[in-house]
Amino acid sequence: MTRTIIRPPGRLDMPRWRELWEAREVLYRFGLRDIVLRYRQTAIGVAWVILQPLASAGVFSVVFGQVAKLPSGGVPYFLFSFSGMLAWNAFNNVIGRSSGSLVSNQALVSKVFFPRLLVPLSGVISVLIDFAVAFVMLVVLLFLYGVNPGWPILMTPVWLLITIMLALGIGIAASAITVKYRDVAYFLPWILQILLYATPIAYSLSAVPGNLRWLFQINPLTWLMEMVRWSTVGQPLPAAWEFIALPLSAIIVFFAGILVFQRYERGFADVI
Amino acid sequence: MQRAKYTSFSAVDDVSFDIPWGEAVGIVGRNGAGKSTLLKLLTRVAAPTRGVIDLGGRVGSLLEVGTGFHPELTGRENIYLNGSLLGMGRKEIKRRFDDIVQFSGVERFLDTQVKRYSSGMYVRLAFSVAAHLETEILAIDEVLAVGDAEFQAKSLAMMRDVARSGRTVLYVSHQAQTVTTLCTSAMFLERGQLSYYGSVDGALERYRSTFEKFQTEQRDAANRPGTGALRLSRAAVVDQSQDPADDTVIEFDVEANPELIGKYFVSCHVNDVNGNVVVQCDSRLTGTWFDPSEPQRGSLRIRSLWFRPGRYTVDLFVCQAGILDSWEAADAFDVLPASPYPEFTSDEAMQHGVVLADFDYEVNG
């Protein structure tokens with residue numbers, strides 16, 4: 001028989017991991033719900049998963065590759081922007097799904113008890129499915145264009161994990177703060193929009209003028225893009241320090257997000 | 001930018017109690033006494049500021065039926081989603097699945113989206129999921145008043161079985177009737193404090209006596225809010241027990257205050273047993289104004305409103321620009337359980353709605 005002792009929450013508590021694990025069924029059900037809801041009552045259903053990344057990479061290659069003629073490091077531009085979009089979409093969608101999740105599940109949060117951290121976490125599941133589909137397409141594209149990235153492609157799961165940790169840290173914190181301050185819902189998409197252009201996704205870092213480059217180099221997403229491009233489309237190996245800095249920043253952002261969440265959690269039922 | 005100022009409010013404070021295993025405890029109290037907050041703390045929906053809660057097992061809650069339901073999902077999907085939210089593992093849900101479906105009686109529509117369910121089916125399925133939780137402690141917040149009469153009886157019987165099976169039940173209610181049939185002991189909360197914990201009869205006795213106490217207190221104008229420039233000296237419902245179709249007549253006397261300039265008006269609320277305002281009768285709406293220079297004797301006649309059977313309380317207000325006198329619980333009356341309609345039929349024909357009405361159907365070929 002499990003015994004639970006409830007005490008007033010402290011200032012810097014880590015979540016009860018065991019409780020989270022015991023409630024993993026909730027995570028799965030939330031994820032399933034998201035996936036089912038996205039494609040129920042749609043005419044072409046799951047085809048959207050394939051259409052969306054293709055269309056956005058297509059627009060990018062026309063605008064940036066053909067019109068603006070940005071360099072793509074010797075790789076066909078479509079492939080270059082597709083691999084960038086793969087990582088960016090995962091990052092962007094996890095933040096998008098998790099940041100608003102608590103507010104859109106208001107009724108649950110204020111009426112039923114379950115580990116609330118699962119709500120923003122559950123956004124990851126449907127993003128993983130999108131990623132898997134887009135990744136298969138990437139592999140197909142690699143064959144079509146005859147590009148062989150070699151063994152570094154096996155590192156992709158690591159980059160995916162890092163992307164998710166970075167995005168979750170931001171998304172989890174944002175979801176908790178949104179409960180009290182809805183401003184986040186206006187502020188965050190705007191920041192993400194800026195990040196999309198301030199990160200070498202549609203262009204390569206080498207296209208950035210030397211005097212501005214440091215500004216791009218302090219952005220962890222730049223390191224991530226370098227890694228992804230090295231892994232998937234055979235771009236040059238990034239600097240060694242980035243291999244340390246990237247995972248470290250992901251871990252810091254992830255746990256910082258959880259701490260912010262825990263800090264705000266006690267007021268959820270009252271404030272939401 | 002200036003920050004909004006906060007006033008802190010303790011909904012529940014300094015409440016200590018031990019509940020032995022297998023006890024079915026009713027939690028009663030007036031509106032705002034802290035019943036729901038206490039249950040929220042015990043079910044961990046809200047976190048306490050001070051103190052310790054020690055729970056000997058898993059707590060399942062039936063706080064709000066159907067909160068975990070998503071209208072776009074099918075009945076089957078919702079059973080799994082809701083079950084997991086309430087703390088059941090996948091195996092546990094699978095094992096109980098057939099029981100849940102059978103109890104709810106929606107077998108045929110399991111693979112239909114619940115947004116296409118009737119409200120009755122929806123509530124029945126939601127209740128069934130929650131009721132089949134196998135937690136050691138079960139918290140219930142007035143959810144038994146769902147579904148039709150037959151389903152209510154079924155739910156009540158189920159809750160009684162739960163209590164008998166040695167699990168601990170916490171039950172919040174306004175309805176004395178269900179607390180008596182369901183609970184083995186009861187606590188009475190008053191303004192966030194535990195004022196009684198013991199037998200069901202004792203708690204209900206306390207509940208009634210505090211209403212009378214409140215009513216007696218309010219009879220003394222000094223205890224009532226309002227500026228006091230004018231005070232009601234008497235208020236009474238003429239017919240203390242009436243039939244639904246009867247007119248309700250409320251008489252009142254107001255003292256004089258020659259120094260008061262301008263006329264005043266009177267407003268009256270009739271509240272049902274749960275504290276909902278059923279009707280507001282404001283004398284401004286009929287153009288009736290009273291002169292404060294001499295004592296006034298007035299009466300209010302509520303016509304064409306058929307109250308449902310039950311107990312009602314009356315609040316009276318004397319107002320000008322502000323409230324001069326506010327007399328809550330000025331009087332009470334009972335509406336007898338008689339049908340005002342010409343025909344007798346099954347109970348469900350009268351079961352819905354806040355009030356009854358004088359209506360006719362016409363057949364226009």
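## A tour of chains A and B

Begin by selecting B:Asp14, which is found in the segment before strand E1 (24–29) of chain B; helices (H or I, at least four residues) and strands (E, at least two) are DSSP runs, numbered from the N terminus. Residues are numbered from 1 along each chain as its sequence is written, while chains are lettered from A and ligands numbered from 1 in the order in which they are written. This is a predicted model, in which local features need pLDDT of at least 70 and side-chain atom pairs count only at pLDDT 80 or more, whereas totals for chains, interfaces and linings use all residues, and side-chain values use heavy atoms, with hydrogens and water left out.

Most residues other than glycine have a negative phi. B:Asp14, although not a glycine, has a positive phi of about 55°, and at 62% relative accessibility B:Asp14 counts as exposed; buried means under 20% relative accessible area, exposed over 50%, and partly exposed in between, with a 1.4 Å probe and protein chains only. Select B:Arg44 next, in the loop between helix H1 (35–42) and strand E2 (53–55) of chain B, where phi is near 70°, again a positive value in a residue other than glycine. At 18% relative accessibility, B:Arg44 counts as buried.

**The contact between the chains**

The contact (heavy atoms within 4.5 Å) takes 41 residues from chain B and 34 residues from chain A. The area buried between chain B and chain A is about 3300 Å², of which carbon and sulfur atoms give 56%; buried area is the accessible area (1.4 Å probe) that two parts lose on being put together, summed over both. B:Arg44, B:Val45 and B:Leu85 supply 21% of the area that chain B buries against chain A, more than any other three residues.

Now show B:Arg90 with A:Tyr28: the charged end of B:Arg90 sits over the ring of A:Tyr28, 4.5 Å from its centre. A charge sits over a ring if NZ of Lys or CZ of Arg is within 6 Å of the ring centre and within 35 degrees of the ring normal. In chain A, the charged end of A:Arg229 sits over the ring of A:Phe80, 3.7 Å from its centre.

**Aromatic pairs**

A pair of aromatic rings is described by the distance of the centres and the angle of the planes. Rings of Phe, Tyr and Trp (its six-membered ring) pair if their centres lie within 6.5 Å, and planes under 30 degrees apart count as stacked, over 60 as edge-to-face and the rest as tilted. The structure holds 29 aromatic pairs over all chains. Select B:Tyr264 and B:Phe290, whose ring centres are 5.6 Å apart with the planes at 20°, so the pair is stacked. This pair links distant parts of the chain, 26 residues apart, with B:Tyr264 in the loop between strand E10 (248–254) and strand E11 (265–271) of chain B and B:Phe290 in the loop between strand E12 (277–282) and strand E13 (296–302) of chain B. B:Tyr264 is buried at 0% relative accessibility, and B:Phe290 is buried with a relative accessible area of 12%.

Move on to B:Phe307 and B:Phe333, where the ring centres are 5.7 Å apart and the planes stand at 70°, so the pair is edge-to-face. B:Phe307 lies in the loop between E13 and strand E14 (310–319) of chain B and B:Phe333 in strand E15 (residues 323–335) of chain B, so the pair ties together parts that are 26 residues apart in sequence. Both B:Phe307 and B:Phe333 are buried.

**A sheet in chain B**

Switch to a cartoon view of chain B, where an open sheet of five strands has the order E9-E15-E14-E11-E12, with mixed pairing; two strands pair if DSSP finds at least two bridges between them. The edge strands are strand E9 (241–242) and E12 of chain B, each pairing on one side only. E14(B) and E15(B) pair in the antiparallel sense over nine bridges, and B:Thr313 stands opposite B:Ala332 in E15(B).

Within the sheet, select B:His269 in strand E11 of chain B, which is buried with a relative accessible area of 19%. Leaving aside its neighbours within four places in sequence, B:His269 is in contact with residues including B:Val277, B:Gln280, B:Thr313 and B:Phe317.

**Last stop: chain A**

Finish with A:Met165 in helix H8 (residues 156–180) of chain A, a residue that is buried with a relative accessible area of 16%. Beyond its neighbours within four places in sequence, A:Met165 is in contact with A:Ala250, A:Ile251, A:Val253 and A:Phe254.
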